[in-house]
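Hi there,

Here is the structure I promised to pass on to you.

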Amino acid sequence: MTISVLRTADAWWVHTPNGAAKIVTDATTTGDLLTDRAAIEAATNDTETVPVDTLALISPVTAPCRVVAQMTNFASHVKDSGMDPDTIPLTFFRKSSASITGPFANIVKPGHVKLLDYEVEIGLVIGTDIPAGTRIDDNDLAHYVGGLVVTNDVSARDIQLSQTQFYEAKSYPTFTPVGPALVLLTPSELERFGDLRLQLRVNGQLRQNMLVGDDMIYTPRQALQALTRFQDLSAGDLLLTGTPVGTALSAPPKPIQIIASLLPPAVKWKAFFKRQAGNPRYLHDGDVIEATAALDDGSIKLGTQTNTVRYA
């Protein structure tokens, strides 16, 4: 049965049917907490609870940590970007953990950013240290994944595209909302990862809606098998697993792409950003983003984060 772990500035909690029960632990980081499973289990049976809506929840993933993301990992998103899913390799990029923010905090757009976009994703929270070179077998996933979280890979598209600069474009403070819950699953529950549905709304309008197993190209098991060939991972690190179609950014029609390829880079980007400036789907000051992941039958819920966009 899933266990939903919550975090406030001064404590860790378990979300029980009767409210939030405090976890009695000395853990200050997510990695430390995941090693104190006895304390988590004890809190699930605690009868002393407080209403969850009285807690000021912050990200259940603590910083500093490694934040790694899979690139173009949903077939629908790949097609919408003008590429062929059959040709997409398994690739990663990094985000600064300084971008992590809470599930109900504001997303702040820096003044120089023009095109602010969203990407709902499921994050894998690493449950134990994994040295580079570790071989992860097909049935080992539950040993290495401590839990799942809802994340939003907020992106400054004008920085990302014109400079081919993923790290900066996705790493500004508040650009990775996480939570509200770190959901711990049993091995059999984790096997239902593909049955989770990702959804994102902006001001109540459904923008992204996809069943993971219908669209994901490389599974969490494949991602960890590839990543640990060269990357150390530590308990509490975060791996984002990709987003489906529905982001503000999409590829222009093929004829326009062909014409643009013949233009000098400065002219091409000027024309591209002029066109994108008229796209109303990019995020505006005051927009409210709701992102969630759950099974359609409701038996596994990662929770819903609600963030408001603010322009610096």
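Let's start with a network of salt bridges that links Lys95, Asp117, Glu119, Asp153, Arg157 and Lys170. A salt bridge here is a side-chain nitrogen of Lys or Arg within 4 Å of a carboxyl oxygen of Asp or Glu.

Before going on, please note that this is a predicted model, where local features need pLDDT of at least 70, side-chain atom pairs count only at pLDDT 80 or more, and totals for chains, interfaces and linings use all residues. Residues are numbered from 1 along each chain as its sequence is written, and side-chain values use heavy atoms, leaving out hydrogens and water.

Asp153 lies in the loop between strands E10 (145–152) and E11 (155–156), and Lys170 in the loop between helix H6 (166–169) and strand E12 (176–177), so the pair ties together parts 17 residues apart in sequence. (Helices, H or I with at least four residues, and strands, E with at least two, are DSSP runs numbered from the N terminus.)

Is Asp153 buried or exposed? Asp153 is buried, at 0% relative accessible area, and Lys170 is buried too, at 1%. Buried means under 20%, exposed over 50% and partly exposed in between, with a 1.4 Å probe and protein chains only.

Elsewhere, Arg66 forms a salt bridge with Asp237, with the closest N and O atoms 2.9 Å apart. This pair ties together parts that are 171 residues apart in sequence. Arg66 is partly exposed at 22%, whereas Asp237 is buried at 4%.

Over the whole structure, the search finds 12 salt bridges.

Best wishes
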